[in-house]
Amino acid sequence: MLRFLAILLLLSAHSASAQSALSAADFDDYTRGKTLFYGFQGQVYGVERYLPNRRVIWSFLDGDCKEGIWYEQGDQICFLYEDRLDPQCWVFTRSGNGLIAQFEGDPEQTELYEAEDIDEEMVCYGPDVGA
């Protein structure tokens, strides 16, 4: 039974990697209006809210939210956030469980997967204010 499960995992991983990258139109159709949680190595990694006009809000689940935009560059979806000048580019594919995001399309880099779509607002705290 364990061998059977290992084979199924290998097949599903292979089929996910064989999927073609989502175009900007497909990515927008899938994500627009949703709040998606992403996982990494079995842990929740962060959450992103996808707004109209390719706008996003990202949080590492710490209440510190960053606004940004996304755009297509080749087969990658790149994100620019208010606190970074360097784009964060990912190749997005779809699996039976949702999105898979490979950083810069490099198998040696971070791979995130869609953990769930809760379809509700994120918790974002206001800016820190000093006395």
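**The chain as a whole**

The structure is a predicted model, and every value below was computed from it. Its chain contains two helices and eight strands, and these elements follow one another along the sequence in the pattern α-α-β-β-β-β-β-β-β-β. Of the 131 residues in the chain, 34% are buried. The accessible surface of the chain amounts to about 8500 Å², and carbon and sulfur atoms account for 52% of that area. When contacts between residues at least 6 apart in sequence are considered, 39% of them join residues at least 24 apart.

**Helix α2**

Helix α2 covers residues 24–31, and within this helix Ala24, Phe27, Asp28, Tyr30 and Thr31 are buried. Viewed down the axis of α2, these buried residues fall within an arc of 165 degrees, so they line one face of the helix. After α2 comes Gly33, which has a positive phi near 85 degrees.

**Aromatic rings**

Eleven aromatic pairs are present in the structure.

| Pair | Distance between ring centres | Angle between planes | Arrangement |
|---|---|---|---|
| Phe27 and Trp70 | 4.9 Å | 80 degrees | edge-to-face |
| Phe40 and Tyr45 | 6.0 Å | 65 degrees | edge-to-face |

What does the pair of Phe27 and Trp70 tie together? Phe27 lies in helix α2 whereas Trp70 lies in strand β4 (residues 65–73), so the pair ties together parts that are 43 residues apart in sequence. Phe27 has a relative accessible area of 0%, and is therefore buried; Trp70, with a relative accessible area of 3%, is buried as well.

For the rings of Phe40 and Tyr45, the planes meet at 65 degrees, and the pair counts as edge-to-face because that angle is over 60 degrees. Phe40 has a relative accessibility of 26% and counts as partly exposed, and Tyr45 counts as partly exposed at 29%.

Ring pairs also link a cluster, whose members are Phe27, Tyr50, Trp70, Phe79, Tyr81 and Phe92.

Strand β1, made up of residues 35–40, is mostly covered, with five of its six residues buried. This strand pairs with strand β2 (residues 43–51) in the antiparallel sense, and the pairing runs over six bridges. One example can be followed in the structure: Phe37 has Val47 in β2 as its bridge partner. Together β1 and β2 form a hairpin in which two residues lie between the strands, and Gln41, in the turn, has a positive phi of about 50 degrees.

**Val123, after the strand β8**

Val123 is found in the segment that follows β8 (111–117). Is Val123 buried or exposed? With a relative accessible area of 55%, Val123 is exposed. When residues up to four places away in sequence are not counted, Val123 touches Gly63 and Cys65. Val123 and Cys65 are 58 residues apart along the chain, while their C-alpha atoms are separated by 8.2 Å.

How values were computed: Residues are numbered from 1 along each chain as its sequence is written. This is a predicted model: local features need pLDDT of at least 70, side-chain atom pairs count only at pLDDT 80 or more; totals for chains, interfaces and linings use all residues. Side-chain values use heavy atoms; hydrogens and water are left out. Buried means under 20% relative accessible area, exposed over 50%, partly exposed in between (1.4 Å probe, protein chains only). Helices (H or I, at least four residues) and strands (E, at least two) are DSSP runs, numbered from the N terminus. The arc is that of the directions from the helix axis to the C-beta atoms. Rings of Phe, Tyr and Trp (its six-membered ring) pair if their centres lie within 6.5 Å; planes under 30 degrees apart count as stacked, over 60 as edge-to-face and the rest as tilted. Contact means heavy atoms within 4.5 Å. Two strands pair if DSSP finds at least two bridges between them. Accessible areas come from the Shrake-Rupley method with a 1.4 Å probe; for residues, only the protein chains shown count as cover.
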